[in-house]
Amino acid sequence: MYQFSGKLKTFSLALIIFGVVGIAFSFYSGSQKTIEDAKHAIEASNSDAHGGAHGETAAPHGEAVNHDTHAEKTDKEAHASMIEAHSEVDAVHGNSHDNEHAEHVLHQLQNRPWSAFYVALFFSLGITLLVLAFYAIQRVAQVGWSVVILRVMEAITANLLPVSIIMALVVIASVMHLNHLFPWMAEGTVDPTSDNYDPIVDGKSWWMNSTGFLLRSIAYLLIWNAYRFFIRRSSIKEDTANDGNKTYKKNYNASVIFLFLFMITESMMSWDWIMGLDPHWFSTLFGWYVLASLLVSALTVIAFFTIYLRAKGALPHVNDSHIHDLAKFMFGFSVFWTYLWFSQFMLIWYADIPEETTYFVARFTEYKLPFLGMVVMNFVFPILLLLNSDFKSKPWFVFIGGFVILAGHYMDVFIMVMPSTVGAQWYIGIPEISALCFFIGLFIYTTLNAFSKVSPIPKGNPFLEESKHFHYYNIEHSGEESGDH
Amino acid sequence: MEASKVIHAFYTDDEVLLDAVKAVKAEHHHIEEVFCPFPVHGLDKAMGLAPTKLAITAFMYGITGLAFAIWMTNYIMIEDWPQDIGGKPSFSWFENMPAFVPIMFELTVFFAAHLMVITFYMRSRIWPFKDAENPDPRTTDDHFLMEIPIHNNEEVLTSLLSKTGAVEINIVDKH
């Protein structure tokens, strides 16, 4: 049995408390923002080096940021004459346009604490969910090697319940108009008599309506948590069941059903929770893209906890080959993520259809460094670091590679969310860091707490012996004689 | 000096063969060659063979292919005749880079794969009209053969090999 060390418990609680304080502070300062602050922000950005080009980029800017208050211009024919109309507005009603612009920027400033929290929340929830899905895959594929780390994966999924509750609260808060994260939720977007009327959103309102959004969100969270609750209880039962693998088969069946439901809910979740931030934009492989990003992060987190717990002596049967296999998965899915990222980007870049391209225009003009830096962190770095077979079995190497991968995929979620909610007003400051600290602290606490509750070895699993003797042929395990294999 | 005589020990089971290889290595005899009908896991380790460097060559070949693709796309599409084809920006290589990625990827894989295979053929001396070097046709079906050079230690080797479960031990002149 593993003992949750007092030091680490204190550390994780400190992270949570620090996070809560930082989040509370950023929400407070976010609510204090006024139209004056917005005007200052506009002035500051105008005096920037790229400020000169601002007038020219105003047209794509207006289209890309969907909760723009110029919603009346968003019907398709108006798009064509948009640039013209825009410059006219600039010249004739210069003053009123300034105020509209300031109001728009004010919304972005007010969105920032919400978005910063939402990015970290979604990242944490997504990682936990994908660990659960990976765990279900191990059961369904009857995988031999990973049995000795199944309990690590199970422990990580303990994080699912708290983050699901927080996600449900954020969803409810959005539906109650406590934030401006989802522009299609704004008042009057589907009311033809309103100034805010948005025919594109109206056309999608059979899907994008608050009731449906709320019900679907709750349904996803319930399905995931139901499987997690069942499989955890049943997996512990498996240890002592001794019933001719009946419990094992029941868990197998449950995992098959979960994976089926997971693939559907994961796709819909990515439309609702991420693509819904940009209601004018759509991409068909988006669900897979989000899946790949979260899956590689989930594998990295599994590797981190496995390496840590093994170093603490809590996983007696985990050898270098198990680490090597996890690193292979991290490597492979990093490449898979890059493949999807590039496929989405290149198809849109190549055809350059304005209604699709605005998504990347917003990211390229205002997020160039994180947008391109993310590709280096999530592709170039893991490719070079984890290509060598010897490196993949060295825990500290996997740790360095994993750290960059996790930071890169945080950036990825950041770039999925931020341009649609805060636009050019982004920064990595107190709101972002404190939200991240809160969820990391929660992650460490729930995982290690759950891991210390039950035996780290799933004794009832029929593949346990195979997993204990798992050996990848060209790995020399540290401290092993050459005659041991 | 190359030994003119070798000993051929036959086995019918890969586990017995592995133990025999270990026993022979433990007595510090040099094993010239082992012939197997299929790959035996751990045989290279038991024989003490150095790991292959084929993966490293493949990496180099891949980089070569990537460099070739970059040079080719840059020369043809940007430097030699930078036309406007469907509005794609051909002012510099980077601006049009996404369009070149598919060919960059394919050429990297192409170079890495084919040159590595050719390297493998060359290093293993395999080509279409090569004469087979098989000392006994049974080793392609169900027998394993260990070949040990003899340096005036015929009796020692024979008794050692017969203890390891060899089904047949022959002394052969090697030319």
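Which side chains meet in a salt bridge at 3.1 Å, N to O? They are those of Arg139(A) and Glu238(A). This is a predicted model, so-called local details included, and that pair is a handy place to start reading it. Arg139(A) sits in helix 6 (residues 94-140) of chain A, while Glu238(A) belongs to helix 10 (residues 210-241) of chain A. Side chains of opposite charge can pair when their charged atoms come close. Over all chains, a search of the whole structure turns up 13 salt bridges.

| Helix pair | Axis separation | Crossing angle |
|---|---|---|
| Helix 15 (residues 368-385) of chain A and helix 17 (residues 395-421) of chain A | within 9 Å | roughly 155° |
| Helix 12 (residues 286-311) of chain A and helix 18 (residues 430-451) of chain A | 13 Å | about 55° |

Take helix 15 and helix 17 of chain A. Angles over 145 degrees count as roughly antiparallel, and the axes here cross at roughly 155°, so these two helices are roughly antiparallel to each other. Helix 15 of chain A passes helix 17 of chain A in a left-handed crossing. On the helix 15 side, the contact includes Pro370(A), Phe371(A), Met374(A), Phe381(A) and Leu385(A). Facing them, helix 17 of chain A brings residues including Phe397(A), Gly401(A), Val404(A), His409(A), Asp412(A) and Ile415(A). By class, this contact has 14 nonpolar, four polar and one charged residues.

Helix 12 and helix 18 of chain A pack at about 55°, and they are therefore oblique to each other. Their crossing is right-handed. Helix 12 of chain A puts in Val301(A), Phe305(A), Tyr308(A) and Leu309(A), and helix 18 of chain A answers with Phe443(A), Ile444(A), Thr447(A), Leu448(A) and Phe451(A). Sorted by class, that makes eight nonpolar, one polar and no charged residues.

What about the two chains? In the interface, 11 residues of chain B touch 11 residues of chain A. The area buried between chain B and chain A comes to about 890 Å², with 73% of it from carbon and sulfur atoms. Lys45(B), Lys88(B) and Pro98(B) supply 56% of the area that chain B buries against chain A, more than any other three residues.

Key:
Residues numbered from 1 in each chain as written. Chains lettered and ligands numbered in written order. Predicted model: local features only at pLDDT ≥ 70, side-chain atom pairs only at ≥ 80, totals over all residues. Heavy atoms only, no water. Axes fitted to C-alpha atoms, helices over the stretch in contact; angles between N-to-C directions. Helix = DSSP H or I, 4+ residues; strand = E, 2+ residues; numbered from the N terminus. Parallel < 35°, antiparallel > 145°, perpendicular 65-115°, else oblique. Left-handed = near helix turned anticlockwise from the far one by under 90°. Contact = heavy atoms within 4.5 Å. Nonpolar A, V, L, I, M, F, W, Y, C, P; charged D, E, K, R; others polar. Buried area = accessible area lost by both parts, 1.4 Å probe. Salt bridge = Lys/Arg side-chain N within 4 Å of Asp/Glu carboxyl O.
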